[in-house]
Amino acid sequence: MSRGGMSRVFDLTATEIRRRVAAREVSCEEVVRGHLDRLDAVEPSVDAVLLRLGERALEHARALDGAIGRGEPAPALAGVPVVLKDVLDVEGLPTTCGSRILEGYRPPFTATAVARLEAQGAVVLAKANMDEFAMGSSTENSAYKVTRNPWDRERVPGGSSGGAAAAVAARMAPVGVGTDTGGSIRQPAAFCGVVGLKPTYGRVSRYGLVAFASSLDQVGPLARTVEDVALVSQALFGHDPLDSTSATEEVPDLAAASSRDPRRLRVGVPSSFLAEGVEAETLARFREALAALEAAGCRVVDIELPHARHAIAAYYIVATAEASSNLARYDGVRYGRRVTGEVDLARMYGQTRDEGFGAEVKRRILLGTFVLSAGYYDAYYLRAQKVRTLVRRDFERAFETCDVVATPPPPTPAFPLGEKTDDPLQMYLADVFTVPVNLAALPGLSLPCGLAGGLPVGLQLVGRPFDEATLLQLGGAFQRTTTHHQLGPPL
Amino acid sequence: MAGTILDTVDHVARLAHLSLSDEERRVFARHLEAILAYARTLETLDVSDVPPMSHAGAASAFRDDTPRPGLDRGRVLEDAPDPAEGLFRVPRIIGG
């Protein structure tokens, strides 16, 4: 770097990059080159990336530099490198969703979330690995590669946004964009030691996002600080006429929220739900994090979420039902892969889908088709939707006596590669603390709160609908009084 | 559940247009049995007076019914595995 001082450019936060770019202490091109070099240096040991966008990123950076050089004001994310989970469309670039069935597909449109970030000067560096169609908790379900946890290469980065979380942890980019249907931003954020926000359902447009479970899916940011998550969220949030489920609620000043004093906020802890099982050291870090929040002036109160233990069963019915319907569109006719040589249409569909989808996707399509099928709809799908109401009511009742609910995001640190691949139910059960938040359509923030056995673990904060501001307020205060977020993996 | 779990797998695989191998049928049958047994733990809850949560956001949104351009036909067909004469070509549907 020419005038960047001693620090390495890839260690900078998005907030700091934007400040230096606006002050003309560094150019967008220098920032992007620094991160591309870093990506090239660490990618062989992390395998987080499916598509590297060198020339496109540099062209974008030079265009930004040109505009700033002509005296135009630097936009809010000027020069900030971003890695996108490969479930978000960028016009003309491949979207794989980690699946063979989308091979060759180049979407004719750009996701609103991506367009909003690029309009604010963010530069897309790469598309990141993920579990196929976002179905998984380890990124091992990708059809393309196995992503490693930057803290321990023999462990999973979490999933399904594992590539984006690993890339941010490995400092390939200060910002990642993921999606969270049952924990897919918060769990990999916890496993990789970064911050991840799953916004309220409807906060971020899903236009151009490949659908998994439409009543649960939500786009959100990953970064290394709460301040950066607030900065990126400000650009992502807001109504989009192209997504009729996107919310019209006003978006407050999130940067201001993240620097506000958290005194007198009430943090609710569902102690009997935590008794479902949290690994000892993970629980110890969680309790220390609560103590730090108390030291910052918050009050910790006990709450009950009596139906939360049933959330996993309800979730895997609702999510797979929606997935079986959404994934019916992959039929080898309009885009993606087709098995050739079949003489009739039904066989072409069947062979294309059998060859194009991986095991976890087929398992969920079968399960979802079953729970929606004649004779089983009421017993499974309708009942699960009713349990979803109970889970949401639990939170509504809890928020009468607290402002934020705190739990660990996953109940353990990252597990070894291959440990759960043969036992899908065990993989599902690890989502115990994240899926209730999606069922209730609430915002959830995961942030690093220390190490357990040398691996990062997280603190999850859950808020009222559209009250991301309070989560960022609490998370910002936590990071001002602790140093966990400054730890990085040994890369 | 009527019939065996393998019959169930075959039935839903047909509904879902998935041509599974024998190996896949057996593995998925085992997994489905375990997952559905777990799902049936919901039967311990009394939900008789509980309304289903059938959507996650606000009530249905409406917009004005004004025509707007769709995607460009030529561009869309660039993504198709077998386009022909401005259309998607597929294997025979009827007869044969």
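Strands, like helices, are DSSP runs numbered from the N terminus (E, at least two residues, for strands; H or I, at least four, for helices), and I count two strands as paired if DSSP finds at least two bridges between them.

**Ground rules.** I am reading a predicted model, in which local features need pLDDT of at least 70 and side-chain atom pairs count only at pLDDT 80 or more, while totals for chains, interfaces and linings use all residues. Residues are numbered from 1 along each chain as its sequence is written, and chains are lettered from A and ligands numbered from 1 in the order in which they are written.

**Strand 11 of chain A.** I looked up its neighbours and found that strand 10 (residues 444-452) is joined to strand 11 by seven bridges and runs antiparallel to it, with A:P448 partnering A:G458. These two strands form a hairpin with two residues between them, and A:G453 in the turn has a positive phi of about 60°. Strand 9 (residues 404-407) is also antiparallel to strand 11, through three bridges, and A:T407 stands opposite A:Q460. I then checked burial (20 or more other C-beta atoms within 10 Å of a residue's own, C-beta atoms being placed from the backbone), and eight of the eight residues of strand 11 (residues 455-462) are buried.

Conventions. Buried ≥ 20, exposed ≤ 12 C-beta atoms within 10 Å, placed from the backbone.
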